[in-house]
Amino acid sequence: YTGTGGAMGISQFMPSTWYEYKDRIAKISGKEHPDPWDVEDGVMAMALKLGDVPGVTEHNRAAEKKASKMYLSGSVSQKYEWYANDIQYWAENNHEILGEQYIMSLIFQQ
(Lines give C-alpha, C1' and ligand atoms only; values in the text may rest on other atoms or scores of the structure.)
Protein backbone atom coordinates (compact mmCIF):
# COMPACT_ATOMS: atom_id res chain seq x y z
CA TYR A 1 0.00 0.00 0.00
CA THR A 2 3.03 2.27 0.12
CA GLY A 3 2.64 5.45 -1.85
CA THR A 4 -1.11 5.33 -2.43
CA GLY A 5 -1.38 8.70 -0.68
CA GLY A 6 -5.03 8.47 0.31
CA ALA A 7 -7.31 6.89 2.83
CA MET A 8 -8.10 3.28 2.00
CA GLY A 9 -10.38 0.45 2.88
CA ILE A 10 -13.30 0.11 5.24
CA SER A 11 -11.63 2.08 8.02
CA GLN A 12 -10.43 4.82 5.66
CA PHE A 13 -6.95 4.71 7.18
CA MET A 14 -3.99 6.31 5.54
CA PRO A 15 -1.49 3.62 4.48
CA SER A 16 0.91 4.53 7.30
CA THR A 17 -1.90 4.14 9.86
CA TRP A 18 -2.91 0.76 8.44
CA TYR A 19 0.69 -0.43 8.84
CA GLU A 20 0.54 0.54 12.51
CA TYR A 21 -2.44 -1.79 13.07
CA LYS A 22 -2.07 -4.65 10.60
CA ASP A 23 0.17 -6.79 12.83
CA ARG A 24 -2.25 -6.45 15.77
CA ILE A 25 -5.14 -7.39 13.49
CA ALA A 26 -3.21 -10.42 12.22
CA LYS A 27 -2.49 -11.55 15.78
CA ILE A 28 -6.14 -11.26 16.82
CA SER A 29 -7.72 -12.64 13.64
CA GLY A 30 -5.14 -15.26 12.80
CA LYS A 31 -4.92 -13.92 9.26
CA GLU A 32 -1.44 -13.79 7.81
CA HIS A 33 -2.25 -10.75 5.67
CA PRO A 34 -5.08 -8.55 7.00
CA ASP A 35 -6.82 -6.62 4.24
CA PRO A 36 -8.01 -3.04 4.76
CA TRP A 37 -10.87 -3.67 2.32
CA ASP A 38 -12.11 -6.72 4.24
CA VAL A 39 -15.04 -5.73 6.47
CA GLU A 40 -13.88 -7.72 9.52
CA ASP A 41 -10.30 -6.47 9.27
CA GLY A 42 -11.39 -2.89 8.66
CA VAL A 43 -13.83 -2.80 11.56
CA MET A 44 -11.25 -4.42 13.84
CA ALA A 45 -8.77 -1.70 12.83
CA MET A 46 -11.33 0.96 13.74
CA ALA A 47 -12.04 -0.66 17.10
CA LEU A 48 -8.35 -0.96 17.93
CA LYS A 49 -7.64 2.65 17.00
CA LEU A 50 -10.58 4.00 19.01
CA GLY A 51 -9.82 1.67 21.92
CA ASP A 52 -6.24 2.93 22.09
CA VAL A 53 -7.47 6.27 23.43
CA PRO A 54 -7.29 6.03 27.24
CA GLY A 55 -10.73 5.89 28.81
CA VAL A 56 -12.65 4.70 25.75
CA THR A 57 -12.94 1.09 26.86
CA GLU A 58 -14.30 2.36 30.20
CA HIS A 59 -16.98 4.31 28.28
CA ASN A 60 -15.71 7.68 29.47
CA ARG A 61 -17.65 10.26 27.43
CA ALA A 62 -14.76 12.75 27.24
CA ALA A 63 -12.43 9.99 26.04
CA GLU A 64 -14.96 8.88 23.44
CA LYS A 65 -15.23 12.43 22.13
CA LYS A 66 -11.44 12.68 22.02
CA ALA A 67 -11.26 9.37 20.12
CA SER A 68 -13.85 10.64 17.61
CA LYS A 69 -11.79 13.74 16.91
CA MET A 70 -8.57 11.75 16.67
CA TYR A 71 -10.17 9.33 14.21
CA LEU A 72 -11.44 12.14 12.02
CA SER A 73 -8.47 14.46 12.04
CA GLY A 74 -5.57 13.06 14.05
CA SER A 75 -6.02 15.90 16.53
CA VAL A 76 -8.26 16.91 19.40
CA SER A 77 -8.86 20.37 18.01
CA GLN A 78 -11.96 22.16 19.24
CA LYS A 79 -12.93 22.79 15.62
CA TYR A 80 -13.95 19.10 15.41
CA GLU A 81 -16.24 19.27 18.45
CA TRP A 82 -19.25 19.19 16.09
CA TYR A 83 -18.11 15.78 14.82
CA ALA A 84 -17.54 14.36 18.30
CA ASN A 85 -20.98 15.60 19.35
CA ASP A 86 -22.58 13.95 16.30
CA ILE A 87 -20.87 10.65 17.11
CA GLN A 88 -22.05 10.84 20.71
CA TYR A 89 -25.58 11.58 19.55
CA TRP A 90 -25.63 8.53 17.29
CA ALA A 91 -24.07 6.33 19.96
CA GLU A 92 -26.62 7.39 22.55
CA ASN A 93 -29.67 7.33 20.28
CA ASN A 94 -29.06 4.65 17.65
CA HIS A 95 -31.87 2.44 18.91
CA GLU A 96 -34.40 5.24 18.58
CA ILE A 97 -32.99 6.54 15.28
CA LEU A 98 -32.65 3.21 13.50
CA GLY A 99 -35.26 1.25 15.38
CA GLU A 100 -34.82 -1.48 17.94
CA GLN A 101 -35.76 -4.25 15.48
CA TYR A 102 -33.15 -3.10 12.97
CA ILE A 103 -30.38 -2.97 15.59
CA MET A 104 -31.29 -6.40 16.92
CA SER A 105 -31.35 -7.85 13.41
CA LEU A 106 -27.80 -6.58 12.88
CA ILE A 107 -26.58 -7.97 16.17
CA PHE A 108 -28.20 -11.38 15.81
CA GLN A 109 -27.90 -11.78 12.06
CA GLN A 110 -27.28 -15.38 11.03
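Predicted model: local features only at pLDDT ≥ 70, side-chain atom pairs only at ≥ 80, totals over all residues.
A residue is called buried when its relative accessible area is under 20%, exposed when that area is over 50%, and partly exposed in between.

The chain as a whole comes first. Its secondary structure consists of five helices and zero strands, so the pattern read along the sequence is α-α-α-α-α. The chain has 110 residues, and 26% of them count as buried. Its accessible surface comes to about 7,400 Å², and carbon and sulfur atoms account for 56% of that area. Among the contacts in the chain with a separation of 6 or more, 30% are between residues 24 or more positions apart.

The charged side chains are the next topic. Side chains of opposite charge can pair when their charged atoms come close. A search of the whole structure finds seven such salt bridges.

One of them joins Lys22 and Asp23, whose closest N and O atoms are 3.6 Å apart. Lys22 has a relative accessible area of 26%, and because this lies between 20% and 50%, Lys22 is partly exposed. Asp23 counts as exposed because its value, 53%, is over 50%.

Another salt bridge connects the side chains of Arg24 and Asp52, with 2.9 Å from N to O. This pair links distant parts of the chain: Arg24 lies in helix H1 (residues 15-29), whereas Asp52 lies in the loop between helix H2 (39-51) and H3, 28 residues apart. Arg24 is partly exposed at a relative accessible area of 34%, and Asp52 is partly exposed at 37%.

A further salt bridge is formed by Glu81 and Lys69, with the closest N and O atoms 2.5 Å apart. Here too the pair links distant parts of the chain, with Glu81 in helix H4 (residues 81-98) and Lys69 in helix H3, twelve residues apart. Are these two residues, Glu81 and Lys69, buried or exposed? Both are buried. For Lys69 the reason is its relative accessibility of 7%, which is under 20% and therefore counts as buried.

The surroundings of Lys69 can be listed as well. Lys69 sits within helix H3, which covers residues 61-73. Leaving out residues up to four places away in sequence, Lys69 touches Gly74, Ser75, Val76, Ser77, Gln78, Tyr80, Glu81 and Ala84.

Methods. Residues numbered from 1 in each chain as written. Heavy atoms only, no water. Helix = DSSP H or I, 4+ residues; strand = E, 2+ residues; numbered from the N terminus. Buried < 20%, exposed > 50% of the residue type's maximum accessible area, 1.4 Å probe, protein only. Contact = heavy atoms within 4.5 Å. Areas by Shrake-Rupley, 256 points an atom, 1.4 Å probe, with all protein chains shown as cover. Salt bridge = Lys/Arg side-chain N within 4 Å of Asp/Glu carboxyl O.
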